[in-house]
Amino acid sequence: MRRNIIIVLSAFLAAGCSALETADPDGNTPKVFHVRQDEEFDTRTYVDSDLHHYWTRDDRVSVFTSTQNEQYKFDGNTGDDTGTISKVGSGQSGSGSQIPSNYAIYPYNTSTTISTSGVVSLTLPSSQTYADGTFGQGANTMMAVTRNSEDNYLSFKNLGGYIVLKLYGGGTVKSITISGNDGEKIAGKANVNLSYGSEPSTVMSSSATESITLDCGVGVALADSKENATAFWFAVPPVTFSKGFTISALNAKGWIMTKSSTKSRTVERNVVYSVPVKAEFKRPVKLPIEYVAEYNLANATSFSTNHYTFGWFMAEKQFNFPYLDQIKVSGYHIPTIYEWNGIIPASSSNKITIGSDVIEQEFASDYKNVNGINYGKRFTGTEYESAYRYELSGGNVIITCRYLGKDSGISLNTIASESWWSSGSSDDISRTIPAAGYYATSSTPTITNQGTRAYYWSSTAVESSNPAAHQVASFTATAKYGMQAANSCRLPVRLFED
């Protein structure tokens, strides 16, 4: 049997953003009921003033007067803390099994069910929406049960507690994810027991998920200081993070921040936990240019301190000059030609190695030359997607890289503009590579192409009759040229980090 009811609400609910689609009730005339508050938040661990939550006009609620899930809407205005709800439309057809009391669950969800014994099966949201100073609409799951089937007073109880991340340090946050370090279930399928006058008991399903993500839309700006930190609310079911929890955040540049605490923390129902965090974002990957040492080698064991004086090396020992096998610098190595390919201007698609953990693979690139400066969009469609700028100046090839992030949508025409490079440059990475030329084979060699072309040893051997010959990274600001060098050529060396 179904009971058509107009129910008074006494609840804690976050003010939402936009109203849901409006539907007409089924003709019932709302009756005004007296309102009572059922519980308050424990804010002992929260540093802000008293907390209060409000309804949003047209909020939707699942109501069970039988085992059928029927949709009700809030009749009051946004900002009200009490009011009435009325059924939307004529409800579901047919009738469900009888239950001893009336149950209500916020927010409404067609998948929410109830057993004849009053056990509610529902889904706790794994994606929540940012709201200023509180939790987002629909994030805070609540439940109410009446004294009996004739009672129309619903006093809602919150199912979980709240973690408030107080982030500071500047920048703009796009999303934040929280997860336990021991696989704790904090979203998804759950069963809830609630009887009149008691507190709800929530048991997460084995199929529940282990993280909650807060969607910050176009981005939320962070305060610079801890005293004015920006609050990000997560509604979390009662849980003990036995090995602590981890948060990861994404900023507007596509950079990430990951911080973990190993301290055990129990989230209790109705309690607000404040966690201050300094936001320190980093690129999600280490870019090829970051592996390149700042200066050429001065000798076999140390770096130069400027770009105009440095050592010259041969592939093998000849004429009493230093040679490649003598180079020993902790934490660095002579790069392969495929590592060099990640730095210098090359073909539209070429084989590249990035660091020690990335296999050689093809990466797409596009270039555009404007007034003698070469601009490139490189590693397109990958997590390494970046803008490059190559310029020959003062006898050096100056390479500047700006991280874009995968599928950035930034075009090569946009990149090929000095005005684009002049703004937002604080995170650019630059390397100055002397266009030193080379010394040809001779006991008294003369230098060739000094100031116009860069030639650097790689560790990649040439497949030829001369086992000491190496492939050489030969390039200007505008193009790479393939070449090989015999063991008696003298070239500078630029090391890469291991």
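Asn-396 makes contact with His-307, Tyr-308, Glu-391, Thr-432, Ile-433, Pro-434 and Ala-435, setting aside neighbours within four places in sequence. The model is a predicted one. With one of these residues, Tyr-308, the side chain of Asn-396 forms a polar contact of 3.3 Å. Asn-396 counts as buried because its relative accessibility is 4%, under the 20% limit.

Asn-396 belongs to strand 31, which covers residues 396-403. Strand 31 runs antiparallel to strand 32, and six bridges join the two. Across this pairing, Asn-396 stands opposite Pro-434 of strand 32. Strand 32 spans residues 429-434 and is mostly covered, with five of its six residues buried.

**The chain as a whole**

The protein chain contains 38 strands and three helices. It has 498 residues, of which 51% count as buried. Taking contacts between residues at least 6 apart in sequence, 66% join residues at least 24 apart.

Strand 36 (residues 470-475) is mostly covered, since five of its six residues are buried. On one side of the pairing list is strand 35 (residues 454-461), antiparallel to strand 36 over five bridges. Trp-457 has Val-472 in strand 36 as its bridge partner. Strand 36 also pairs with strand 37 (residues 480-485), again antiparallel, through six bridges. Here His-470 stands opposite Ala-485 of strand 37. Strands 36 and 37 are joined by a hairpin of four residues. In a regular strand, side chains alternate between the two faces of the sheet.

**Nonpolar cores**

The largest nonpolar core has 61 residues; the members that touch the most others are Ile-163, Leu-165, Leu-167, Phe-232, Phe-234, Val-236 and Phe-475. Another core lies apart from it, with 16 residues that include Ile-99, Ile-105, Val-120 and Leu-159.

What does Leu-167 touch, not counting residues up to four places away in sequence? The residues are Val-173, Ile-176, Leu-222, Ala-223, Ala-229, Thr-230, Phe-232, Met-257 and Val-277.

**Aromatic pairs**

The model has 21 aromatic pairs. Two of them are set out below.

| Ring pair | Distance between centres | Angle between planes | Arrangement |
|---|---|---|---|
| Phe-135 and Tyr-162 | 5.2 Å | 15° | stacked |
| Phe-379 and Tyr-384 | 6.3 Å | 55° | tilted |

The planes of Phe-135 and Tyr-162 are at 15°, so this pair is stacked, the cut-off being under 30 degrees. The pair links distant parts of the chain, for Phe-135 is in strand 9 (residues 134-135) and Tyr-162 is in strand 13 (residues 161-168), 27 residues apart. Phe-135 and Tyr-162 are both buried.

The rings of Phe-379 and Tyr-384 lie at 55°, so that pair is tilted. Phe-379 and Tyr-384 are likewise buried. Ring pairs also link these two with Phe-363, Tyr-388 and Tyr-390 into a cluster.

**Backbone exceptions**

Most residues other than glycine have a negative phi, and most peptide bonds are trans. Against that background, three places in the backbone can be described.

The peptide bond between Tyr-106 and Pro-107 is cis, with omega about 0°. Pro-107 lies in the loop that connects strand 5 (98-106) with strand 6 (113-114).

Asn-371 is not a glycine, yet its phi is positive, about 55°. This residue sits in the loop between strand 28 (361-370) and strand 29 (373-378). Is Asn-371 buried or exposed? Asn-371 counts as exposed because its relative accessibility is 78%, and the limit for that class is over 50%.

Asn-449 also has a positive phi, about 60°, and is not a glycine. Asn-449 is found in the loop between strand 34 (447-448) and strand 35. At 33% relative accessibility, Asn-449 counts as partly exposed.

Definitions and conventions: Residues numbered from 1 in each chain as written. Predicted model: local features only at pLDDT ≥ 70, side-chain atom pairs only at ≥ 80, totals over all residues. Heavy atoms only, no water. Core = buried A, V, L, I, M, F, W, Y, C linked by side-chain atoms within 4.5 Å. Buried < 20%, exposed > 50% of the residue type's maximum accessible area, 1.4 Å probe, protein only. Contact = heavy atoms within 4.5 Å. Pairing = 2+ DSSP bridges. Polar contact = N/O pair within 3.5 Å; in protein donor to acceptor, adjacent residues only side chain to side chain. Phe/Tyr/Trp six-rings, centres within 6.5 Å; stacked < 30°, edge-to-face > 60°.
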